[in-house]
Amino acid sequence: MKKKTREQDIYYFDSKEQEDTGRCAGMLRQMISEIMQRENRKGVLLFCIGTDRSTGDSLGPLTGHKLKAAGLEDCFVQVVGTLDCPVHAMNLEQAVFMVHRCYPEYVIVAVDASVGQTEHVGCITLGRGALRPGLGVSKELQAVGDIFITGIVGRSEERRVGKECRSRWSPYH
């Protein structure tokens, strides 16, 4: 399913449907390839955003952890943001600076959890352009990436209330 929003195409895929996950992977591969050819990029960096302190916001670091454990990294593919070393609101600017300095010629694929409408919970979104982490919880954080992937983990109103409650006791939110 495709949705056009503000000069940007966002594609929705049902994570429970094998055919959809295959299409998502194919489109991701195509987007990466287009950027690498057009801009002469040398590799791919998966920038996985979220915290290990909250189940609803751990999709990014969990993804990074699994990719590293699977041995995905090599000289052309790097992963930043894992359960052991998460990229979250408190260190996002530093991580983005480090990535731009150390991997200036890499295509950056930003991965994060997101909130959405009830019918989209469980969907994966894929799009061109930068990811704006924190928008679903009214945070103004630095945009990052050439391509973004999000997993819709809850309804907007559920996540916002949960974040407000957690922010009283956790320095990571």
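1. Helices (H or I, at least four residues) and strands (E, at least two) are DSSP runs, numbered from the N terminus. With these terms, the chain holds four helices and seven strands, and from the N terminus on its elements follow the order β-β-α-β-α-β-α-β-β-β-α.

2. Please keep in mind that this is a predicted model, in which local features need pLDDT of at least 70 and side-chain atom pairs count only at pLDDT 80 or more, whereas totals for chains, interfaces and linings use all residues. Residues are numbered from 1 along each chain as its sequence is written, and side-chain values use heavy atoms, with hydrogens and water left out.

3. Of the 173 residues in the chain, 43% are buried, a word that means under 20% relative accessible area (1.4 Å probe, protein chains only). Among contacts (heavy atoms within 4.5 Å) between residues at least 6 apart in sequence, 67% join residues at least 24 apart.

4. Thr51 belongs to the loop between strand S3 (43-48) and helix H2 (59-69), and this residue is buried, with a relative accessible area of 0%. A polar atom of the Thr51 side chain lies 3.0 Å from the backbone nitrogen of Arg53.

5. The lining of the second largest pocket includes Thr21, Arg29 and Ile149, and helix H1 (residues 18-39) gives the most to this lining, with six residues. A pocket here is an open set of points on a 1 Å grid over the protein atoms alone, where a 1.4 Å probe fits, with protein on both sides within 12 Å along at least five of seven lines, and lining residues have an atom within 4 Å of a point.

Terms used: Buried < 20%, exposed > 50% of the residue type's maximum accessible area, 1.4 Å probe, protein only. Polar contact = N/O pair within 3.5 Å; in protein donor to acceptor, adjacent residues only side chain to side chain.
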